[in-house]
Every structure is written in C-alpha cells, then in structure tokens.
Amino acid sequence: MAASAGPEIERLIALLSKLPGLGPRSGRRAALALLKKRDTLLAPLTAAMVDAQTKVRTCSVCGSLDTTEPCAVCADETRDGRLICVVEEVGSLWAMERGGQFKGRYHVLGGLLSALDGIGPEALRIGELLARVAGGEVVEVILALPATVDGQTTAHYLADRLAHSNSGVSVTMLARGVPVGGDLDWLDDGTIAQALRARRPA
C-alpha cells in the first residue's frame, strides 16, 4: 500500500484487490481511477453496489441471481420447461444466454465436486436438480460443465444419479472440439482428440 494513503483509501484498495483478476497493483489503479472520477464513476458505482446488495437475490428455483423471485428466466413462460441446462455458476448461465441459442431453463449447481477442496454432493444444489427432474416435465438435462477434472467428475456423478432416478430423462453434454475461428496448430492435444471423437458428417 502507498505510505501516503489514508486508511480509507487503503481499505478501498484492499477490497478492490480481492476481486477476481485484480491484485494489489491493479487494485491501486482501480482505486485511483474511482477517486479521480468521484461524481461520474465512484458515486454511481456506490449506488449500484448498494442496490445490488439490497435487491439482488438467489432464485429459489434455478439458483441464478436476479431482483425478482423467481428470476426472469424461470418466470418466462415462453422458455421450454422440458429442457434444463446445468451450469457451475451464474457466470456460465450468463455466457449461455449471450449466445441466444438456448431456450430452455437452467440449474446453477453453485460449484463443482472436488475431493481436494472437500466439496461433496451435499455442498451443491444437486438435490434441488433431482427434485426438479422428479416433477415429470423435464425430458432432457444438458450438462454444460467445464472440461476440467472437477467438471468431468461432477458431470459423471450427475449422469449416474439421473440415470438411477427412474425419471427416464435424457442426459446430454455440450459438444467440445475445435472452436470457431480456431487454428489447429494452437490447440492442445486433448481438444483435438475430443474434436475427433465428436466428428460428424460434413
């Protein structure tokens, strides 16, 4: 921290430094930018953060974040309730919505299974997912989880639980492989191998 900064500024820098993607140096730069533009940046940001703290809540149905209960996606009657896309966190839900292609509903797990971090099934919203599927309307569950060890472990666990739920629901996973605009020379071996396994007729 800067020796000439007062305790209020140091606290602001410390809090900003805890945000993802920001460290102490980036936190100092962000704090300085906010303090330089108090009227046009700091004041509106403060008001937005107060609003977020008091108004944003977790949807009791899917686990997303919104100011309404249930959230806008769950309340949208034009969405296909037969399809549930399972994601790790709300950020993944937002990424899916940016694409504008999925018209079903979502289920946010709130994390991934991780033996190293001591995160078991009881720490995630798996029971809520099974309850939604047991309702009888759902015909397909799409597992849109990261292509990491924890992501794949979670996907296999969910597929197994859903297969033994006697719901008859179809369980699918997002296809993985060569990204749009991707150059094979820059791809890792695992991505190329997955693309080969998921190949389809031209």
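**A walk through the predicted model**

Valine 133 is buried, at a relative accessible area of 3%; buried stands for under 20% relative accessible area, exposed for over 50% and partly exposed for what lies in between, with a 1.4 Å probe and protein chains only. The structure is a predicted model, in which local features need pLDDT of at least 70 and side-chain atom pairs count only at pLDDT 80 or more, while totals for chains, interfaces and linings use all residues. Residues are numbered from 1 along each chain as its sequence is written, and side-chain values use heavy atoms, with hydrogens and water left out.

Valine 133 belongs to helix α6, residues 126–134. Helices (H or I, at least four residues) and strands (E, at least two) are DSSP runs, numbered from the N terminus. The C-alpha atom of valine 133 is separated by 9.5 Å from that of glycine 168, and the two residues are 35 residues apart along the chain. Helix α6 also holds isoleucine 126. Isoleucine 126 is buried, with a relative accessible area of 3%. Between the C-alpha atoms of isoleucine 126 and valine 108 there are 9.2 Å, and along the chain the two are 18 residues apart.

Two other helices show how elements cross. Helix α1 covers residues 7–17 and helix α2 residues 24–36; their axes come within 8 Å and cross at roughly 125°. Such axes are lines fitted to C-alpha atoms, for helices over the stretch in contact, and the angles run from 0 to 180 degrees between N-to-C directions. The crossing of α1 past α2 is right-handed. A crossing is right-handed if the near helix is turned clockwise from the far one by less than a right angle, and left-handed if anticlockwise.

The next topic is charged pairs. A salt bridge is a side-chain nitrogen of Lys or Arg within 4 Å of a carboxyl oxygen of Asp or Glu. By this rule the model has 3 salt bridges.

One of them joins aspartate 51 and lysine 55, whose closest N and O atoms are 3.9 Å apart. Aspartate 51 and lysine 55 are separated by about one helical turn, because they are 4 residues apart in helix α3, residues 38–55. Aspartate 51 is partly exposed, with a relative accessible area of 38%, and lysine 55 is partly exposed at 46%.

Another salt bridge is made by the side chains of arginine 79 and glutamate 97, at 2.9 Å from N to O. This pair links distant parts of the chain, 18 residues apart: arginine 79 lies in the loop between α4 (72–75) and β3 (80–87), and glutamate 97 in helix α5. Arginine 79 is buried, with a relative accessible area of 12%, whereas glutamate 97 counts as partly exposed at 29% relative accessibility.

Aspartate 80 and arginine 82 also form a salt bridge, and their closest N and O atoms are 2.9 Å apart. Aspartate 80 is partly exposed, with a relative accessible area of 22%. Arginine 82 counts as partly exposed at 46% relative accessibility.

Helix α5, residues 90–99, contains tryptophan 94 as well. Tryptophan 94 counts as partly exposed, at 48% relative accessibility. Val56, Leu65 and Trp94 form a nonpolar patch on the surface, and together they have about 280 Å² of accessible area. Patches are made of residues with over 30% relative accessible area and no salt bridge, where like charges are joined within 9 Å and nonpolar side chains (Val, Leu, Ile, Met, Phe, Trp, Tyr) within 5 Å. Accessible areas come from the Shrake-Rupley method with a 1.4 Å probe, and for residues only the protein chains shown count as cover.

The backbone has a cis peptide bond from glutamate 69 to proline 70, with omega near 0°. Most peptide bonds are trans. Proline 70 sits in the loop between β2 (65–66) and α4.

Glycine 177 counts as partly exposed at 24% relative accessibility. Its C-alpha atom is separated by 9.3 Å from that of leucine 187, 10 residues apart along the chain. Leucine 196 is in helix α8. Leucine 196 is exposed, with a relative accessible area of 52%. The C-alpha atoms of leucine 196 and valine 178 are separated by 9.2 Å, and the two residues are 18 residues apart along the chain.
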